[in-house]
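Open the model in your viewer and get the selection tool ready. We'll go stop by stop, with something to pick at each one.

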Amino acid sequence: MRVLVAEDLYLLRDGLVRLLEAHGFEVVAAVASGPELRHALATLPLDVSIVDVRLPPTFTDEGLQEVLRARQASPGLPVLVLSQHVEQLYARELLADGTGGVGYLLKDRVVNAEQFIDAVRRVSGGGTAMDPEVIAKLLTNQPVRDPVNRLSPREREVLELMAQGRSNAYIGQKLFLSESAVGKHIASIFMKLDLPVSDDDNRRVLAVLAYLNQTGPS
Amino acid sequence: MRSFGKLARWTYKQWLLAPLRCLLLVVLALVGAVLAVLGSVLVAAVVTVPAIIAANRRLAELGRRLSSQWGGVLIAASYPPFPADPVRREDGWYEHDNQLYRHPHVPRFMRRSASLAEDQTVMRDWLWLMVTPFVGGLAVAAPVALIVAGAAVAVMASSPAGVGGGAALAVAGFVSGPYGLRLYAMWSKVLLQPVADSWWRRSGIGRAFGQRWHAIWRGAGLAGLSLGACGMGLILVVVGVVSWGGLLPPLILLARPYLNHYRRRVDEWSGIRFESPYRPQPSPPRPEANGKYRVGRTLHDDVKSAVAMQRYGWVLKDPATWRDLAWMITAPVLSPLPIAVAAVAGVAFFGLVCQPLWWAPWAVPIGLIEGVWVTPWYIWYGVTLLEPSLAVVPSWVSPLIGLAATAVMVVVAPAVLRLRVAWDHLLLRPTKQARLAQRVHQLTESRSDAIDAQAAEVRRIERDLHDGAQARLVALGMNLATVEQLIDQDPAAARALLAQARDTSTTALTELRNLVRGIHPPVLAERGLVDAVRAVALDTPLPVTVTADVAGRLDAPVESAAYFAVTEALANASRHSGASHIAVDLRHDGERLRITVTDDGRGGADPSRGTGLSGIRRRLGTFDGTMTLASPTGGPTVLRMEVPCAYSSPRTSTS
């Protein structure tokens with residue numbers, strides 16, 4: 001699987017490349033600045049890109065802007081955005097186009113290599129990987145009378161994990177539930193939120209994220 | 001004309017009832033006028049104003065209702081609501097204008113009186129009551145008079161022609177009845193409709209006239225105040241000479257509040273800003289090594305005499321003191337002109353124009369009872385006594401002369417007021433030097449505030465790092481050292497320690513992230529003020545609407561100060577106000593950044609309580625920014641912040 005890494009700090013870039021190569025990814029480019037990233041995104045055939053939000057030369061949100069631009073040109077281009085901090089604002093921008101293949105994680109999550117690699121795989125497969133912190137914020141800031149507040153605590157837990165982009169199997173394992181029980185919970189959540197039911201995991205996650213995205217305060 | 005066309009559709013019943021209604025309206029007009037006159041006499045004798053005004057309002061309401069029912073003219077009423085009742089404090093007292101009262105009656109009365117004094121509808125109702133007998137009253141009196149006269153002629157007449165003429169008169173009375181009612185209603189509308197609907201307000205004439213009319217009295221008011229100041233100035237000079245200047249500083253300090261009051265008046269009446277020009281009071285001297293206090297070239301043993309001496313220098317060396325004094329002494333030079341304008345306008349309008357109109361209610365009873373008839377023109381005769389050559393003018397012309405003189409005064413008054421204010425401007429405004437001295441004082445204060453705040457901030461960061469991330473990294477290092485030891489002997493324990501080390505590093509990262517957020521939030525660095533505020537808005541548990549018109553990035557320190565001011569305001573609003581919605585508006589006009597935070601909570605926020613708002617003020621003060629808070633009880637709370645600043649770079653990104 002061909003991967004692009006855009007990260008300006010040498011230590012982190014090097015570490016990411018090693019980690020990815022150790023897990024059998026082919027790192028086709030490791031760039032350190034915005035213009036390089038733009039060039040790489042435009043020219044290289046990529047299965048997934050791992051991009052830091054803040055990049056030279058401006059050290060603002062260069063990486064995020066490049067990613068958004070590239071995804072505008074080719075919707076669904078799989079991208080995993082990393083940052084030292086997570087913001088609902090950025091998450092909303094990344095999710096706004098409603099196509100999959102998006103990840104947004106704290107850099108801290110790299111520490112847990114297994115889960116990080118899993119997230120990279122999910123994103124490259126068109127799924128999503130949202131940082132638990134983002135999802136928690138999206139959920140806590142729902143308006144008081146919103147249907148989300150009518151969910152049972154267990155359903156809320158399931159929703160939280162599902163919104164992060166996790167599979168049914170993972171959710172069951174994490175919450176000590178059978179996969180069919182997870183499926184029932186999800187069906188109930190979709191009914192309460194009045195969302196269209198779908199068998200496709202990715203489409204389901206996108207529906208939930210779109211829902212959370214629009215109902216939050218703006 | 002459309003309104004008159006409607007008359008054709010009136011039923012015969014209405015035509016027949018019209019004269020009766022006219023009669024009732026004539027009675028209402030007469031009763032109203034008598035009550036209004038009685039009321040004004042009572043008000044002059046300082047009897048409860050609100051009760052009388054309430055009575056007048058009821059009569060005006062009756063006039064409105066009858067106008068629409070009988071005259072077919074709808075007149076809207078718009079009375080401002082009565083002010084809220086005084087709120088009982090926790091200690092059982094009632095507050096009004098910095099005074100405490102045991103019972104709510106007095107403050108309620110004062111609040112109502114104050115709001116009525118500013119209420120234009122009060123005067124208009126009153127005017128309507130008093131003038132109606134002469135205008136609208138005549139319109140409804142005519143049909144009644146025609147019928148009565150016709151009936152009288154018909155009864156008394158001996159010839160058929162006379163009977164016929166009388167009948168014709170009576171019929172004319174009946175026919176004109178509805179028209180009289182309509183005229184009455186149209187007249188009532190002139191004074192009883194809401195002020196904003198009247199043509200003189202809509203055409204702008206009312207405003208222009210009002211300003212000039214006010215200028216007459218304001219000029220005289222300022223002249224009067226300055227004459228008072230002149231008296232003070234003379235006392236100051238005499239006392240200063242007698243005491244060899246020794247008593248001057250305390251007396252001058254006593255006079256300053258009066259002059260500042262004058263400045264505020266000029267401010268309010270002319271719209272020209274008059275700042276206080278005085279130098280800020282110096283901080284008290286500190287003891288030197290030998291325990292003495294130095295003021296200038298003199299050493300004082302105790303702090304009291306040092307402070308007194310310092311005050312002496314502070315007051316007497318301030319140029320504003322001497323400019324004040326010069327202004328006080330010269331006050332009589334420019335005072336006569338505005339006072340003369342006001343006197344002429346007063347005599348001309350109230351004496352020559354209003355007095356004859358006002359004559360009937362009081363002179364007729366006197367004449368009937370005493371048999372002495374006062375002439376309506378007696379003010380004019382007073383004027384002719386002063387100027388005998390005017391006696392050739394017939395006295396009935398005098399109201400016209402009065403109107404003309406008033407008009408002339410109305411025209412010249414603004415110029416006279418401007419002249420007065422220009423003179424004040426010359427002496428009472430701070431000089432350039434005084435302004436600089438004040439600025440230095442203000443900068444010194446805001447700088448020391450900023451330094452204090454910065455020092456406290458650095459101290460907090462140091463403590464957070466020391467107790468947080470630093471300690472965790474030490475623990476991490478120790479863990480790894482232990483792992484190194486254990487890795488061969490006890491791999492299972494080593495693995496557990498490694499997991500622990502990973503957790504420690506995650507916790508340290510979280511702490512660092514929170515710390516960084518407190519120092520300079522990453523979104524602010526990455527996106528600038530507007531998006532950073534949007535990000536905070538998303539994280540706030542209440543719905544927050546953010547609107548913005550900021551075309552680029554601002555200087556980083558200003559962005560940071562503004563950002564923290566907004567977060568503080570949002571935190572306050574969501575914590576204390578009980579609001580259900582907050583709106584943040586950010587705007588930059590090329591020179592200043594204006595931020596408005598509005599919440600729909602319960603209001604009553606007090607900047608002197610709590611550190612949040614004063615913190616905002618201090619943060620913005622470093623950049624010469626200002627903060628104003630409007631938070632009436634019951635909401636909404638509006639916090640306005642303004643910081644002068646320029647763009648640091650035009651926006652580059654597209655979002």
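**Stop one: a helix crossing in chain B**

Start by selecting H9(B) and H12(B): H9(B) passes H12(B) in a left-handed crossing. Before going further, keep in mind that this is a predicted model. H9(B) covers residues 205–242 of chain B and H12(B) covers residues 319–334, and the two pack at an angle of about 120° with their axes 7 Å apart.

Now show side chains. On H9(B), the contact is made by Ser226(B), Leu227(B), Ala229(B), Cys230(B), Met232(B), Gly233(B), Leu234(B), Leu236(B) and Val237(B). Facing them from H12(B) are Leu325(B), Trp327(B), Met328(B), Ile329(B), Ala331(B) and Pro332(B).

**Stop two: another pair in chain B**

Next, pick H3(B), residues 49–70, and H4(B), residues 105–117; their axes come within 9 Å and cross at roughly 50°. H3(B) and H4(B) are therefore oblique to each other, and their crossing is left-handed.

Which residues of H3(B) and H4(B) meet here? From H3(B), select Val49(B), Pro50(B), Ile53(B) and Arg57(B); from H4(B), select Phe109(B), Arg112(B), Ser113(B) and Leu116(B). This contact of H3(B) with H4(B) has 5 nonpolar, 1 polar and 2 charged residues.

**Stop three: across to chain A**

Bring both chains into view. In the interface, 24 residues of chain B are in contact with 24 residues of chain A. Together the chains bury about 2100 Å² between them, with 46% of that on carbon and sulfur atoms. For chain B, highlight Arg513(B), Glu526(B) and Leu538(B): these lose the most area to chain A, together 34% of what that side buries.

How many salt bridges does the rule find across the interface of chain B and chain A? There are 7, while the count over all chains comes to 41.

Then go to Arg517(B) and Glu87(A), whose side chains meet in a salt bridge at 3.2 Å, N to O.

**Stop four: helices in chain A**

Staying in chain A, select H7(A), residues 153–163, along with H9(A): they pack at an angle of about 95°, and their axes are 10 Å apart. That makes H7(A) roughly perpendicular to H9(A).

On the H7(A) side, show Arg154(A), Glu155(A), Val158(A), Leu159(A) and Met162(A). On the H9(A) side, show His185(A), Ile186(A), Ser188(A), Ile189(A), Phe190(A) and Lys192(A). By class, this contact has 6 nonpolar, 2 polar and 3 charged residues.

Last, switch to the backbone. Most residues other than glycine have a negative phi, and most peptide bonds are trans.

Select Phe176(A), which is not a glycine but has a positive phi of about 55°. You'll find Phe176(A) in the loop between helix H8 (168–175) and helix H9 (179–193) of chain A.

Is the peptide bond from Pro56(A) to Pro57(A) cis or trans? The bond is cis, with omega near 5°. Pro57(A) sits in the loop between strand E3 (48–52) and helix H3 (62–73) of chain A.

Conventions:
Residues are numbered from 1 along each chain as its sequence is written. Chains are lettered from A and ligands numbered from 1 in the order in which they are written. This is a predicted model: local features need pLDDT of at least 70, side-chain atom pairs count only at pLDDT 80 or more; totals for chains, interfaces and linings use all residues. Side-chain values use heavy atoms; hydrogens and water are left out. Axes are lines fitted to C-alpha atoms, for helices over the stretch in contact, and angles run from 0 to 180 degrees between N-to-C directions. Helices (H or I, at least four residues) and strands (E, at least two) are DSSP runs, numbered from the N terminus. Angles under 35 degrees count as roughly parallel, over 145 as roughly antiparallel, 65 to 115 as roughly perpendicular and the rest as oblique. A crossing is left-handed if the near helix is turned anticlockwise from the far one by less than a right angle, and right-handed if clockwise. Contact means heavy atoms within 4.5 Å. Ala, Val, Leu, Ile, Met, Phe, Trp, Tyr, Cys and Pro count as nonpolar, Asp, Glu, Lys and Arg as charged, and the others, Gly among them, as polar. Buried area is the accessible area (1.4 Å probe) that two parts lose on being put together, summed over both. A salt bridge is a side-chain nitrogen of Lys or Arg within 4 Å of a carboxyl oxygen of Asp or Glu.
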